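Subject: Structure for your ligand work

Hello,

Please look through it before reading on.

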Amino acid sequence: SVSSYISRSSASSRLSEFVDAKTELQDIYHDLSSYLSSFLTILEESVLLRDRQMLEHLCAFSSRVEAIAKVLSRDRMKVAFFGRTSNGKSAVINALLHEKILPSAMGHTTSCFCQVQANGSDETTEHVKVEQEEQHMELSALKELASAHSPRALKPSTLLQVNMAKNRCSILDYDVVLMDTPGVDVTAQLDDCLDSYCMDADVFILVLNAESTVSRVERQFFKDVASKLSRPNLFILNNRWDKASSLEPEMEQQVKDQHMERCVNLLVDELGVYANAQEAWERIYHVSALEALHIRNGHNQNPTAQTQERYQEFLRFENDFSNCLAESALKTKFGPHLQSAQKILNQLKSTLIGPFIEKVSRLIEENKERRANLNAEMDDWVILMQDDREELQIWFEQLTEMTQRVGQSVLNEQINT
Ligand code: GTP
Ligand code: MG
């Protein structure tokens, strides 16, 4: 039944690995930060231990940790969609969202870059917003601002943020950002925008029109992308497969074979993003975004067998690219954060904690020797310093253990390479 199809469309479990790893890393940075500030308090409050150089070191560590924590909180998985006008890029994104959110129509439609994402943690209402501006507008403003058919359409180089409720669909809930772009003929001329809005994508999706074949502009565009990035994760959707296969049903298999051959050729021989035909083969799909959307938004309650088959293929695509997305983003985004955390811990050990513990130990020894002459106040100092030393040691061990655990559980490969 339709409902069983829809329930099977939930995004892959690997997407949650990204979210889990992010939470664990945020915990590490949070602990690191509170650890540094308690260390700072100890150094500031104790007259005996006050050391200007140590304080400076510590402040520098603190600001580094804060900076990384900020980047970390913004890290999300990004998918960018490209293809010639009218191939159905916006329609594919709408199908992933289960609802027609982005303008999608015949002719040149998407007028600017549209970044669909979940609301920030401090935002409660859905809204659209031009990246560089403060003003929040209603979601319905999209059809005015992002459609080339409207007189108020934004310039192609604009980045429009589409902020939606997290619970609207699972893919947004998993920290995924979907980047819709104007047709490649327009995008290709916007080199700067591509670099700043799209080149950090974890996965690139080329949306082709299955009624025709990959065009020279699309080919060239992806050659440029592949030359900027080392082996990008590239998926090819032969969209509008409902139309393409209905015109001459007897030709369906031949047409599909031809598409496969050309797409494999593009991915392996021309772009060099996959090592062999088998790898590339698994990244090519024949789908109908419009049908997928209609099944998901309830407009098609009785899909035909062919429609169901195409929808299965759409689900396979959704599942595959989600897995690839999570795997890639884990490595590229969190690997460096984890390594930074480990580096900071090592530096802390060699430049601060080691010398600090040495100093405390020396002071305690000195005090022991002169114990007879000390008054009760000095005794208290010794106890305090001993406590501080132990607390720091425990903190340090806990943090080290925590980073090692995260490293082993999620980012094994990254750490070892
Ligand atoms: P631009 O924004 O102009 O670059 O185009 P686009 O690639 O975003 O295409 P868009 O989503 O606007 O789709 C163009 C037209 O094709 C719309 O009328 C869609 O409804 C229709 N369309 C998209 N995908 C499919 C499909 O799989 N099958 C059919 N039959 N129509 C589709
Ligand atoms: Mg579009």
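**Ligand 1 and its surroundings**

Ligand 1 is surrounded by 23 residues, counting a residue as near if one of its heavy atoms lies within 4 Å of the ligand. The closest are Lys 89, Ser 104, Thr 109, Thr 110 and Arg 240. This is a predicted model, in which local features need pLDDT of at least 70 and side-chain atom pairs count only at pLDDT 80 or more, while totals for chains, interfaces and linings use all residues. Residues are numbered from 1 along each chain as its sequence is written, chains are lettered from A and ligands numbered from 1 in the order in which they are written, and side-chain values use heavy atoms, with hydrogens and water left out.

By class, the shell holds five nonpolar, 13 polar and five charged residues (Ala, Val, Leu, Ile, Met, Phe, Trp, Tyr, Cys and Pro count as nonpolar, Asp, Glu, Lys and Arg as charged, and the others, Gly among them, as polar). Helices H4 (89-97), H10 (241-247) and H13 (289-296) each supply at least two shell residues; helices (H or I, at least four residues) and strands (E, at least two) are DSSP runs, numbered from the N terminus. H4 has the largest share, three residues.

Polar contacts are pairs of N or O atoms within 3.5 Å. A polar backbone atom of Ala 91 is 3.0 Å from an oxygen atom of ligand 1, and a backbone N or O atom of Gly 107 is 3.4 Å from an oxygen atom of the ligand. In the side chain of Asp 242, an N or O atom lies 2.9 Å from a nitrogen atom of ligand 1. The protein buries 94% of the 640 Å² that ligand 1 exposes when taken alone (Shrake-Rupley method, 1.4 Å probe).

**Pockets**

Ligand 1 sits in the second largest pocket, in that more than half of its atoms lie within 2 Å of the pocket's grid points. A pocket is an open set of points on a 1 Å grid over the protein atoms alone, where a 1.4 Å probe fits, with protein on both sides within 12 Å along at least five of seven lines; lining residues have an atom within 4 Å of a point.

The second largest pocket has a volume of about 470 Å³, the space filled by probe spheres set on the points, which are joined across faces, edges and corners. Its lining has 28 residues, and H4 gives the most, four residues.

The largest pocket has a volume of about 580 Å³ and is lined by 18 residues.

Regards

Technical notes: A polar contact is a pair of N or O atoms within 3.5 Å; within protein, one must be able to donate a hydrogen and the other to accept it, and residues adjacent in sequence count only if both atoms are side-chain atoms.
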